[in-house]
Amino acid sequence: EPDKWFRETGADAWNRAADAVARFVGAKPDNLVLVSNATTGIGCVLKSTKLSSTDAVLVADHTYPAVSNAAKALQEATEARIVTHRFPFPIESEEQFCESFESALRSDSSIRLAIVDHVTSQSAVLLPVERLIRACHRHGVEVLVDGAHAPGHVSLNLEALGADYYVGNLHKWSFCPRGCALLYAAQGDKRESLKPPITSWYWKKGFRERFQEQGTRDFTSECCAVAAIQFYEWLGGQEAVIAYNSNLADAAA
């Protein structure tokens, strides 16, 4: 029954899916919501971040172009500057990369937010996000991790990771249909400050309620996360999936 779905059962299914995803990525359920894709989650964080013309946002020359555009839109809205960290090339070691990143932080004390890839999109570099997050926090900079390619691909424990915000797609490596991603926010004012893409009935309610109630929309792809994660685990989980894909890549080579 459509009316009952939108008023009652749909919300319950969405919350069960969000709970399943939270367990999957090592997050407290109250700190995680579902969104349509990683870019949507990043847009929510950027539009909820209060910046001024005296502030700056740190991105990289390997940042996903759609995310760079979101940062540019924030720049137009707030007059905050964009600072670009240029990856050292070739990347010779983790130490070299982390020093290069922290040098960018040291060079501009106005940086308030850093957008960091977990796995870069165009160059497929797995970054040492734990160390980058710690570096940002040493300089008083909040961190938004773009983990679009991470869930199901790399091991995640978001509470231990320590990022202020984390987004990740579930339709890449976690077998969800397109239109399913996670948005994580650290407990407290960071979580409560986040605004969903659409202001609707529950705009003054809690984190989960604000993001679940987005008007009349089809969120069944997000509800599929429960079955998708069960299937992923039935296959043998991350270790089995990586072994299978690695064998395919070796055979193709």
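The following questions and answers concern a predicted model.

User: Which helix gives the most residues to the lining of the largest pocket?
Analyst: The largest pocket holds about 350 Å³ of space. Of its 16 lining residues, Phe6, Arg7, Tyr202, Gln212 and Glu213 are the closest to the centre. Helix 1 (2-25) and helix 8 (207-212) each supply at least two residues of the lining. The greatest contribution, 5 residues, is that of helix 1.

User: How many residues of the lining of the largest pocket are charged?
Analyst: The lining of the largest pocket includes 5 nonpolar residues and 5 polar ones. The charged residues of this lining number 6.

User: How many residues apart in sequence are the parts tied together by the aromatic pair of Phe24 and Tyr232?
Analyst: The whole structure contains 6 aromatic pairs. Phe24 belongs to helix 1 and Tyr232 to helix 10 (residues 225-234), so the pair ties together parts whose separation in sequence is 208 residues.

User: Is Tyr232 buried or exposed?
Analyst: A residue counts as buried under 20% relative accessible area. The relative accessible area of Tyr232 is 3%, so Tyr232 is buried.

User: Which residues are linked by ring pairs into a cluster with Phe24?
Analyst: Phe24 has 19% relative accessibility and therefore counts as buried. Ring pairs link Phe24 into a cluster with Phe175, Phe231, Tyr232 and Trp234.

User: Where does Phe87 lie, given that Phe97 is in helix 4?
Analyst: Phe87 and Phe97 form an edge-to-face aromatic pair, 4.9 Å centre to centre with 85 degrees between the planes. Phe87 is buried at 10% relative accessibility, and Phe97 is buried at 3%. The pair ties together parts 10 residues apart in sequence, because Phe97 lies in helix 4 (94-106) and Phe87 in the loop between strand 3 (81-85) and helix 4.

User: What is the omega of the cis peptide bond between Phe89 and Pro90?
Analyst: Most peptide bonds are trans. Pro90 is found in the loop between strand 3 and helix 4. The bond that joins Phe89 to Pro90 is cis, with an omega of about -5 degrees.

User: How many of the residues of strand 7 are buried?
Analyst: In a regular strand the side chains alternate between the two faces of the sheet. For strand 7 (residues 181-185), the buried count is 5 of its 5 residues.

User: In which sense do strand 6 and strand 7 pair?
Analyst: Gly168 stands opposite Leu182 in strand 7. Strand 6 (residues 165-169) and strand 7 are joined over 5 bridges, and the sense of their pairing is antiparallel.

User: What is the bridge partner of Leu32 in strand 7?
Analyst: Strand 1 (residues 32-35) pairs with strand 7 in the antiparallel sense over 4 bridges. Leu32 has as its bridge partner in strand 7 the residue Tyr184.

User: Where is Glu79, a residue with phi near 70 degrees, found?
Analyst: The phi of Glu79 is positive, in a residue other than glycine. Glu79 is exposed, with a relative accessible area of 57%. Its place is the loop between helix 3 (65-78) and strand 3.

User: How many residues apart are Arg208 and Asp19?
Analyst: Arg208 and Asp19 form a salt bridge through their side chains, 2.9 Å from N to O. Arg208 counts as buried at 12% relative accessibility, whereas Asp19 counts as partly exposed at 24%. The pair links distant parts of the chain, helix 8 and helix 1, and the separation is 189 residues.

User: Which residue forms a salt bridge with Glu102?
Analyst: At 14% relative accessibility Glu102 counts as buried. The closest N and O atoms of the salt bridge are 2.8 Å apart, and the partner of Glu102 is Arg138.

Definitions and conventions: Residues numbered from 1 in each chain as written. Predicted model: local features only at pLDDT ≥ 70, side-chain atom pairs only at ≥ 80, totals over all residues. Heavy atoms only, no water. 1 Å grid on protein atoms, 1.4 Å probe; cavity = no way out; pocket = protein on both sides within 12 Å on 5 of 7 lines; lining within 4 Å. Points joined across faces, edges and corners; volume = space filled by probe spheres on them. Nonpolar A, V, L, I, M, F, W, Y, C, P; charged D, E, K, R; others polar. Phe/Tyr/Trp six-rings, centres within 6.5 Å; stacked < 30°, edge-to-face > 60°. Buried < 20%, exposed > 50% of the residue type's maximum accessible area, 1.4 Å probe, protein only. Pairing = 2+ DSSP bridges. Salt bridge = Lys/Arg side-chain N within 4 Å of Asp/Glu carboxyl O.
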